[in-house]
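I opened the notebook to record what I looked up. The entries follow in the order I made them.

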Amino acid sequence: MQAVTIGSAESRARQRRLGGVLAYAQIALNIAVALAYTPFMVRTLGQEEYGLFAIAGAMASYLVILDMGLADSVVRRLVGLHGKDDRQGERDFLGSMLSLYGALAVLVLAAAAVAILCVPPLFGNTMTPDALRTLQFMLVPLGISTAVVVAGNPLNATLVAHERFVFLRSLEMVVVVLVTAANVAALLLGGGVLAVVVVSGFGAVCATMVKWLMIRNGLGLSLAPRRVDRAQVTDMSSYAAPIFVSMLVEQIFWKLDNILIGARLGAAAVAVYAIGVMFNKYFMAFATAISRVMMPDLVRRIDAGSDTAALTQRLVEVSRWQAVVVMLVLSGLFLFGQHFIDTWMGPGYGLSYWVLVCTLGPYAFELIGNVRNVVLQVKGLYWWRAGIFLAAALLNIPATLLAMQHWGLVGAAACTGAGILTAYIGVAWVLSRKAGIPILAYLRGVWRGIAPALLLASGMGVILRVMLPDSGWLALAGKVAVYSVVYLVLMWR
């Protein structure tokens, strides 16, 4: 038994290590694909159609959150059952979740139908009839694929609970490559934005089916739907409700602006704004790659009664790695982002840089150490975070509408950044007063050595920005390469 336990522990540790490496490989792949594919897509479709694509994506993102935040709760329950080696309990729970999520998928389809009906009144003042019809047609395949993805959420939770990070990361990378290649082919053959949406949706459906096969054949778990235990769902809902609120907040901060800008300024303005905020998902991926892999381990530590000092030290360890990675990306974007966007996208996207600066700067502080959210969840304090961010997000809506009247896209971005930073400060207070985490000691531990190294590296970056030409890929690559080496050497020392 001991040998089996040790082997299992070693296997989990190996999955976490390889999963972490593959996570960053996936991020690199996604960025490479975005750098190569986005300009091609924008120039092929045109600014207006790309704006429609961004609006449709924003509306579809609200369909995704109709899983009601239950995903993390499902993961936690499955981690417990898997840890106890309760195979039958795992099968029963997974079957009931498949039934529950099947009902949620039907809800997604109904919400997609409502969204289609809402397109004319929302965008009728800024779009042509043809654009309105195109947007409505786009929401059909998006609604169907989103429903399938939501129905398959328990599959993803099961793979995470079993720590099959290598399989998950590999599958996601394969899907990115194949879907991008298929979209390029569709655009070259004359397909429009609707073809792009259909191909992307088909890829998401196929990925869900592969996860289903892996769980049935690879993990040996039956996938038969079972009766939903209402008491069980009620218990999970108390854990999931604040997570759902936080998911809603994320959509308000990052996706609602696309809809508001489309309604007030038109689809072309949405395209410019979308380029500025598109890096937030890659930015988030850099920060969460470590925390996602460490989530099951941290849950086990907290459930085992780890004391505050040990917990704080663990948070500092994870946060320092996140800070090193996030600040390399953020400082590089701040220093060379204007040069990058001008070279990458060409004329007409100058404001995208200022959208990027206004949103990603505050977001960096929220992302560094985001594994603290697991502490809040397990300690029953996540409602505090959810409430603080919800208040900031709701205040952001009228502020954005007002700011757009005076400062356009940059005003909308500045309101988003200010709201995120304000909420971050509020959550820091909750960690200190409610969770017992010594926040000042935590911050000193995270930034010790990193802050002075960042200042020195940024000073060198300013010199590079002044001395080297501000146009062309070669000059940009030279600046980024030299700055990255200087940054990493300073961080190492």
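I first noted the terms for exposure: buried means under 20% relative accessible area, exposed over 50%, and partly exposed in between (1.4 Å probe, protein chains only). I looked up Met460, which is partly exposed with a relative accessible area of 33%.

The model is predicted, so local features need pLDDT of at least 70, side-chain atom pairs count only at pLDDT 80 or more, and totals for chains, interfaces and linings use all residues. Residues are numbered from 1 along each chain as its sequence is written, and side-chain values use heavy atoms, with hydrogens and water left out.

Next I looked at the nonpolar cores (sets of buried Ala, Val, Leu, Ile, Met, Phe, Trp, Tyr and Cys residues joined through side-chain atoms within 4.5 Å). Which residues touch the most other members of the largest nonpolar core? I found Phe123 and Met127, in a core of 114 residues. Another core lies apart from that one and has 35 residues, including Leu70 and Met214. In soluble globular proteins, nonpolar side chains tend to be buried together.

Then I turned to Glu366. Is Glu366 buried or exposed? I have it down as buried, because its relative accessibility is 4%. I listed its contacts (heavy atoms within 4.5 Å), leaving out residues up to four places away in sequence: among them are Arg372, Arg385 and Tyr424.

Last, I checked for disulfides (pairs of cysteine sulfur atoms within 2.5 Å). The search of the whole structure gave 0. For Cys358, the nearest cysteine sulfur belongs to Cys415, 9.5 Å away.
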